[in-house]
Amino acid sequence: MTDRAPDAGYEAVIGLEIHVQLRTEEKLFCPDGTGFGEVPNTNVCPVCLGLPGALPVLNREAVELAVRASLAFGCTVHQRSVWARKNYFYPDLPKGYQISQFEEPLATDGVFRVETDDTSDPVGRLAIRIRRIHMEEDAGKSIHDRFEGATAVDLNRTGTPLIEMVTEPDFRSPAQVRAWLTGVKQVLEYLEVSDCNMEEGSLRVDANVSIRPVGSEPLGTKTELKNMNSFSGVERALDVEIARQRDVVAMGGQVAHQTLLWDERRGDVRPMRSKEESHDYRYFPDPDLPPLQVSENLIEAVKAQLPELPAARRTRFREDYGLPAYDAGVLTARRPLADYYEETARTSGAPKEASNWIMGPVLAAMNARDLEADDFPVRPVHLAELIDLVEEGTINRNVAKDVLGRMLESAAGVEVGSAAAKTPAEIVREEGLATVSDTGRLEAWVEDALAAHPEEVARFRDGETRLQGFFMGEVMKRSRGKADPTEVARILTERLEET
Ligand SMILES: [Zn+2]
């Protein structure tokens with residue numbers, strides 16, 4: 001990780017607010033659907049529109065997901081928390097308030113650590129404290145770029161369940177923020193709490209940032225950064241804002257407390273219009289909703305069902321399969337990929353080979369097709385079969401790569417995992433791709449290759465022995481890659497050394 005030069009002995013102090021849309025079918029207080037990209041203003045009802053007399057009814061599934069996330073990030077989940085109204089006016093908030101939690105949140109006091117390659121940290125672990133995780137409902141969306149000179153409002157998102165995670169200001173560099181967020185997203189995906197799609201807004205990150213002289217305790221005046229749409233955007237926005245604050249201080253000025261919007265296209269921040277900024281939300285407990293009760297039993301049940309998290313899985317991959325740290329990191333980045341690897345490794349009994357195949361041609365093919373491992377047409381059982389064919393010497397590695405290509409072709413257009421897709425053994429049999437070790441056929445290819453290149457043969461016999469590789473290639477060409485290379489080398493040496 002790169003720390004930007006700490007100009008003039010100043011350090012950055014950064015905290016985050018992360019909004020995560022929970023993956024529920026229904027909204028937090030009404031049964032409308034939560035799908036993305038549907039016809040605007042169709043997933044709405046009197047409750048989320050805030051029509052008079054409509055009463056909210058809590059979605060228990062959302063509470064379970066919020067508890068799951070809180071436990072995974074090491075927070076204490078409180079058996080009693082309180083719904084509060086956060087009052088403000090905005091066109092995409094028809095009720096005039098958002099139901100959130102304020103003084104008594106669902107969970108508090110967590111810590112989440114990520115491994116880093118930051119050499120300034122001897123442990124290589126970045127531990128960030130989480131002040132609180134609370135539940136709330138999302139607002140609608142104001143759409144500014146759809147109609148010339150007008151803003152449109154889509155209320156489909158109104159009432160979608162969210163958790164908001166608030167960290168302590170424990171980050172000292174934008175690179176730390178990015179590394180930590182990457183770890184947070186992995187955990188949320190493993191938990192199946194959210195799809196974490198930043199482009200669709202299901203994971204949104206705001207940051208507050210200040211600078212202070214290195215070694216000083218009190219915090220400087222902070223600014224709040226919004227409108228970052230990717231982790232790299234968060235990192236760049238923080239870099240720009242920290243540099244701006246350093247310039248202000250270097251010129252003898254003072255940083256003003258304000259909210260800034262990141263402009264991705266210009267690579268710059270600009271202040272939010274003061275009208276858009278409102279700090280007095282006049283929170284009060286929602287009179288329509290009793291305090292949220294989460295029983296000890298529910299907390300224990302959710303805890304017992306937590307899946308193995310990425311850090312634990314990385315350690316286990318290194319121990320159980322003897323993988324290097326790098327492989328374990330790549331293979332556990334996403335849960336479907338980790339599952340895919342694990343099934344292939346177990347079925348083939350060749351864990352390092354499985355890792356090489358998946359980190360090489362398989363991941364390349366997944367990325368080229370923009371597929372997750374669970375949608376990838378070559379299933380682990382067939383990849384394991386392919387690895388076995390190489391291990392037992394039926395085909396060589398280069399032929400195996402071609403076979404993988406054929407497997408992908410034969411699986412195109414049929415359902416994932418369907419029996420219509422060809423197995424590697426079928427492809428090898430049908431196309432006659434098995435390695436040829438038959439001495440008669442190998443000798444014929446060798447004779448042919450030598451006869452076609454009398455000059456090279458003469459040069460070899462004059463001592464230019466590195467031409468062995470050239471002859472090897474000529475024989476492999478004639479065999480279409482199927483010749484057993486060890487046997488070919490033996491026959492070639494024999495023939496070339498005859499005089
Ligand atoms: Zn509704």
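How many residues does helix H8 have, and how far does H8 reach from its first C-alpha to its last? Select residues 335-348 to find out. H8 has 14 residues and reaches 20 Å, close to the 20 Å expected at 1.5 Å a residue. Keep in mind throughout that this is a predicted model.

**Stop 1: helix H8**

Stay on H8 and show its side chains. Its buried residues are Leu 337, Ala 338, Tyr 340, Tyr 341, Glu 342, Thr 344, Ala 345 and Ser 348. An α-helix has 3.6 residues a turn, so residues three or four places apart point the same way. Now bring up the partners. Step just past the end of H8. There, Gly 349 takes a positive phi of about 65 degrees.

**Stop 2**

Thr 332 sits in the loop between H7 and H8. Is Thr 332 buried or exposed? Thr 332 has a relative accessible area of 0%, so it is buried. Show what surrounds Thr 332. Beyond residues up to four places away in sequence, Thr 332 touches Tyr 190, Pro 310, Arg 313, Arg 314, Phe 317 and Ala 338. Ala 338 is one of the buried residues of H8 from the previous stop. Next, draw a distance from Thr 332 to Ala 312. These residues are 20 places apart along the chain, and their C-alpha atoms are separated by 9.7 Å.

**Stop 3**

Which element gives the largest share of the lining? The answer is H3, with 6 residues.

**Stop 4: the zinc ion**

Select the zinc ion. Its protein donors are Cys 30 (SG), Asp 32 (OD), Cys 45 (SG) and Cys 48 (SG), and they lie 1.8 to 2.3 Å from the ion. The angles among the 4 donor atoms run from 96 to 120 degrees, and the site is tetrahedral. Along the sequence, the donor residues follow the spacing C-x1-D-x12-C-x2-C. Asp 32 and Cys 48 link distant parts of the chain, 16 residues apart. Asp 32 is in the loop between strand S1 (10-21) and helix H1 (46-49), and Cys 48 is in H1. Both Asp 32 and Cys 48 are buried.

**Stop 5: Met 135**

Move to strand S7 (residues 125-137) and pick Met 135 there. Met 135 is buried, with a relative accessible area of 0%. Its contacts, not counting residues up to four places away in sequence, include Leu 22, Leu 28, Trp 83, Gln 101, Leu 162 and Leu 292.

**Stop 6: two positive phi values**

Most residues other than glycine have a negative phi, and most peptide bonds are trans. Phi of Glu 192 is near 55 degrees, a positive value in a residue other than glycine. Glu 192 lies in the loop between H3 and strand S11 (203-213). With a relative accessible area of 40%, Glu 192 is partly exposed. Now jump to Asp 370, in the loop between H9 and H10. Asp 370 is not a glycine, but has a positive phi of about 55 degrees. Is Asp 370 buried or exposed? Asp 370 counts as exposed because its relative accessibility is 71%.

**Stop 7: a cavity**

The largest cavity has a volume of about 60 Å³. Its lining has 10 residues, and Pro 377, Val 378, Arg 379, His 382 and Ala 421 lie nearest its centre.

**Last stop: Thr 435**

Finish in the loop between helix H12 (424-430) and helix H13 (439-452), where Thr 435 lies. Thr 435 counts as buried, at 16% relative accessibility. Leaving aside neighbours within four places in sequence, Thr 435 is in contact with Gly 393, Thr 394, Ile 395, Asn 396, Lys 482, Ala 483 and Asp 484.

Definitions and conventions: Residues numbered from 1 in each chain as written. Predicted model: local features only at pLDDT ≥ 70, side-chain atom pairs only at ≥ 80, totals over all residues. Heavy atoms only, no water. Helix = DSSP H or I, 4+ residues; strand = E, 2+ residues; numbered from the N terminus. Expected span 1.5 Å × (residues − 1). Buried < 20%, exposed > 50% of the residue type's maximum accessible area, 1.4 Å probe, protein only. Donors = N, O, S within 2.8 Å, 3.2 Å for Na, K, Ca; no water. Tetrahedral: all angles 85-135°; square planar, octahedral: opposite > 155°, others 65-115°. 1 Å grid on protein atoms, 1.4 Å probe; cavity = no way out; pocket = protein on both sides within 12 Å on 5 of 7 lines; lining within 4 Å. Points joined across faces, edges and corners; volume = space filled by probe spheres on them. Contact = heavy atoms within 4.5 Å.
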